[in-house]
Amino acid sequence: MPKPAATGPQRHGSASGEPIADTLTRDAAGVVLALRRISFLLERALESSYRIKAFRGAAATLGALGDEELAARASAGTLQDLPGIGKGSEAIAQAVLRGEEPAYLVQLEERESAPLARDGLDLAALQRGDLHSHSDWSDGGSPIDEMVMTAVELGREYQVLTDHSPRLKVANGLSPERLRTQLQVVAGVNRIVPDGFRLLSGIEVDILDDGSLDQEPDLLEELDVVVASVHSKLKMESAAMTRRMVAAVGNPRTNVLGHCTGRLVTGGRGRRPQSTFDARAVFEACAAHEVAVEINSRPERQDPPDDLVTLALELGCLFAIDTDAHAPGQLDFQQLGAERAWHLGVPAERIVTTWPWERLLEWAARR
């Protein structure tokens with residue numbers, strides 16, 4: 001049986017639910033743990049990326065100090081002389097070094113650490129992995145190792161790294177050369193991750209206007225998982241959008257159809273109506289080619305809408321409950337997708353993210 005995925009960090013807990021108050025130490029490791037926990041809670045609440053970047057930067061700066069230098073600077077009141085260390089991060093460090101739980105962390109735990117979902121927690125616990133996540137190689141906010149560390153803490157057995165493809169320049173999409181370099185990084189990460197976890201290579205590849213995929217075909221063959229998504233011309237006429245999506249689903253390198261309607265229903269990016277297309281034709285193609293329909297767990301997307309999830313279920317589609325995380329704390333969004341799937345009656349055996357990675361890779365390579 002898989003280790004159950006976290007259903008939301010517990011009060012005064014780490015990402016895995018281990019009590020922070022019991023794990024903080026009066027040294028650099030304890031300070032970093034507190035700053036990472038603050039960042040995680042802010043990320044899962046979709047708080048300001050500026051503040052989150054500041055806390056994660058402070059964790060990196062203070063974590064690079066030896067315990068003696070950290071203590072000496074704290075005693076001398078010179079922590080703010082370091083780059084990226086402000087009044088707030090200094091206060092957190094000082095509290096930890098005094099053996100206290102920082103007041104700001106206590107406040108965040110009380111406000112933000114409850115489970116994100118109320119229902120479907122049993123289905124959330126069956127999720128072994130996540131097929132859609134981003135790092136700072138494209139438009140994510142954190143390096144690969146931080147995303148991996150959080151996935152491990154959340155009890156994942158695997159995480160797929162799916163940074164964007166070249167033509168999405170606004171998201172710093174990966175050129176073929178950069179993607180090849182990233183594959184080497186992924187291989188290096190897998191040499192040092194804990195037993196029972198694996199980082200899988202992947203991409204969120206743009207579906208171009210004619211339905212082709214925005215990356216070299218031979219390079220796509222090298223990846224473990226390919227998520228294909230529409231990011232441009234979302235208002236394309238219905239018949240043309242249908243042809244575009246059906247062509248992408250029929251591409252033998254496509255494994256997952258990502259956030260298929262492109263809608264936004266809430267959040268700081270505003271609202272965006274869903275694209276129009278013949279959903280029956282698209283989902284029939286998904287079922288025929290064993291391409292999973294993504295249930296995107298981001299609260300501002302909730303994509304596909306409930307009626308389209310129901311249609312895909314009736315047509316025999318597979319599903320992937322993915323976070324589309326752009327920051328470590330957003331990896332906890334998976335419980336939101338599981339809650340929707342549970343309410344809509346999607347059975348666990350039809351959800352590929354409940355499968356062990358060996359079965360997942362066999363499915364992804366079948367075409």
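Q: Two strands pair if DSSP finds at least two bridges between them. In which sense do strand 6 and strand 7 pair?
A: Strand 6 (residues 292-296) and strand 7 pair in the parallel sense, over four bridges. Helices (H or I, at least four residues) and strands (E, at least two) are DSSP runs, numbered from the N terminus.

Q: Good. And what kind of model is this?
A: A predicted one: local features need pLDDT of at least 70 and side-chain atom pairs count only at pLDDT 80 or more, while totals for chains, interfaces and linings use all residues. Residues are numbered from 1 along each chain as its sequence is written, and side-chain values use heavy atoms, with hydrogens and water left out.

Q: Back to the strands. Which residue stands opposite Ile-321?
A: That's Ile-295. Phe-319 and Ile-321 point one way from strand 7, Ala-320 and Asp-322 point the other way, and all are buried. Buried means under 20% relative accessible area, exposed over 50%, and partly exposed in between (1.4 Å probe, protein chains only).

Q: New topic: how many salt bridges does the structure hold?
A: There are 20, counting a side-chain nitrogen of Lys or Arg within 4 Å of a carboxyl oxygen of Asp or Glu.

Q: What does Asp-332 form a salt bridge with?
A: Arg-44, with the closest N and O atoms 3.0 Å apart. Asp-332 sits in the loop between strand 7 (319-322) and helix 14 (334-343) and Arg-44 in helix 2 (residues 28-44), so the pair ties together parts 288 residues apart in sequence. Both Asp-332 and Arg-44 are buried.

Q: And Asp-130, what's its partner?
A: Arg-156, at 3.9 Å between the closest N and O atoms. This pair links distant parts of the chain, 26 residues apart: Asp-130 in strand 1 (residues 129-130), and Arg-156 in the loop between helix 8 (144-153) and strand 2 (158-161). Asp-130 counts as buried because its relative accessibility is 0%, and Arg-156 is buried at 5%.

Q: Which residues do salt bridges with shared partners join into one network?
A: Arg-36, Glu-43, Arg-56, Glu-146 and Glu-153.

Q: Last one: is Arg-340 buried or exposed?
A: Arg-340 is buried, at 13% relative accessibility, and lies in helix 14. Leaving aside neighbours within four places in sequence, its contacts (heavy atoms within 4.5 Å) include Ile-295, Asp-303 and Asp-306.
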